[in-house]
Amino acid sequence: MKIEWILLAAGKSRRFGKENKLLFPVKGKPLYRHAFDRMQRLCAKRGERLLVVVSEKAVEEDIQKRAGKTVWNPCSEKGISSSIQCALCETGIKDDCAYLFFVADQPLLSTKEIEGFVAGFLTSGKELGCVAFGERRGNPGIFSGKYAKKLLQLEGDKGGSRILAEAGENVYIYACSSICALWDVDTKADLQKFS
């Protein structure tokens, strides 16, 4: 099964402050680059492509300097659902494809865990998947093409968690080795986790 790798990097970062959260330095490089660099390497290894959804010119320019493919979200104020829909419109909807969504503010999800999640999903026979630590589920999430129409119906700042919750036993869950893999950055106070 072909996978479309999608990095959602179009949030407005309202809770973070005046600076652009995604370009804020974390462990020596801009926050978004932790996920982007890992995904770009894995896509090259698998012969697949990475699409980054953006809404800030500085982020778009930084990605394009690194030969990344971007799609512009003109409606990012509507929340993450609009970024998911921009990505699906750009990639096209195919039943024989899976759509793998990452968020750009989750810097500690390792290459090993990403590879484990993808490999586990592909052999699971399931149509959806997500990562988890204990009872807590998180990003990334993966959806077979059969679920694209439901993703296109999402509204507001809601991702695919509701679709995953409704799918029950049809969801592959990859157990992360640490809760740190699920940590994201919403506020400057969150940065203390990564120091």
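This briefing describes a predicted model, taking in turn its central strand, nonpolar core, cavity, salt bridges and backbone details. Seven of the seven residues of strand E6 (97-103) are buried, so E6 is largely enclosed by the rest of the structure. The largest nonpolar core holds 38 residues, and the structure has one cavity of 30 Å³ or more. By the rule applied here, the salt bridges number 14.

**Strand E6 and its partners**

- Both faces of E6 are covered, with Cys97, Tyr99, Phe101 and Val103 buried on one side and Ala98, Leu100 and Phe102 buried on the other.
- E6 runs parallel to strand E1, to which seven bridges join it, and within this pairing leucine 8 has valine 103 of E6 as its bridge partner.
- With strand E8, E6 pairs in the antiparallel sense over four bridges, and here alanine 98 stands opposite serine 144 of E8.
- Aspartate 96 lies in the loop between helix H3 (80-91) and E6, and with a relative accessibility of 57% aspartate 96 counts as exposed, because the cut-off for that class is over 50%.
- Between aspartate 96 and glycine 156 there are 60 residues of separation in sequence and 27 Å in space, taken from C-alpha to C-alpha.

**The largest nonpolar core**

- In soluble globular proteins, nonpolar side chains tend to be buried together.
- Of the 38 residues in the largest nonpolar core of this model, Trp5, Leu7, Leu50, Val52, Leu100 and Phe102 touch the most other members.
- Two or more residues of this core come from each of E1, H1, E4, helix H2 (57-65), E6, H4 and strand E9 (171-175).
- Helix H1 gives the most to this core, with seven residues.

**The cavity**

- The largest cavity contains about 60 Å³ of space, and its lining is made up of Ala35, Arg38, Met39, Phe102, Val103, Gln106, Leu109, Ile114, Asn139 and Pro140.
- Sorted by class, this lining has seven nonpolar, two polar and one charged residues.
- Helix H1 (31-46), strand E6 (97-103) and strand E8 (136-144) each supply at least two residues of the lining, and the largest share, three residues, comes from H1.

**Salt bridges**

- Side chains of opposite charge can pair when their charged atoms come close.
- Arginine 49 forms a salt bridge with glutamate 4, with the closest N and O atoms 3.2 Å apart.
- Because arginine 49 lies in the loop between H1 and strand E4 (50-54) while glutamate 4 lies in strand E1 (residues 2-9), this pair ties together parts that are 45 residues apart in sequence.
- Arginine 66 forms a salt bridge with aspartate 62, the closest N and O atoms being 2.9 Å apart; arginine 66 counts as partly exposed at 28% relative accessibility, and aspartate 62 as buried at 11%.
- Lysine 146 forms a salt bridge with glutamate 127, for which the closest N and O atoms are 2.9 Å apart.
- This last pair links distant parts of the chain, 19 residues apart, with lysine 146 in the loop between E8 and helix H5 (148-152) and glutamate 127 in the loop between helix H4 (111-124) and strand E7 (128-133).
- Lysine 146 is exposed, with a relative accessible area of 56%, whereas glutamate 127 is partly exposed, at 22%.

**Backbone details**

- Asparagine 139 and proline 140 are joined by a cis peptide bond, with omega at about 5°; proline 140 lies in strand E8, and both asparagine 139 and proline 140 are among the residues that line the largest cavity.
- Lysine 27, although not a glycine, has a positive phi of about 50°; lysine 27 lies in the loop between strand E2 (25-26) and strand E3 (29-30) and is exposed, with a relative accessible area of 57%.
- Alanine 67, also a residue other than glycine, has a positive phi near 60°; alanine 67 lies in the loop between H2 and strand E5 (69-72) and is exposed, with a relative accessible area of 69%.

Definitions and conventions:
Residues numbered from 1 in each chain as written. Predicted model: local features only at pLDDT ≥ 70, side-chain atom pairs only at ≥ 80, totals over all residues. Heavy atoms only, no water. 1 Å grid on protein atoms, 1.4 Å probe; cavity = no way out; pocket = protein on both sides within 12 Å on 5 of 7 lines; lining within 4 Å. Points joined across faces, edges and corners; volume = space filled by probe spheres on them. Nonpolar A, V, L, I, M, F, W, Y, C, P; charged D, E, K, R; others polar. Salt bridge = Lys/Arg side-chain N within 4 Å of Asp/Glu carboxyl O. Buried < 20%, exposed > 50% of the residue type's maximum accessible area, 1.4 Å probe, protein only. Pairing = 2+ DSSP bridges. Core = buried A, V, L, I, M, F, W, Y, C linked by side-chain atoms within 4.5 Å.
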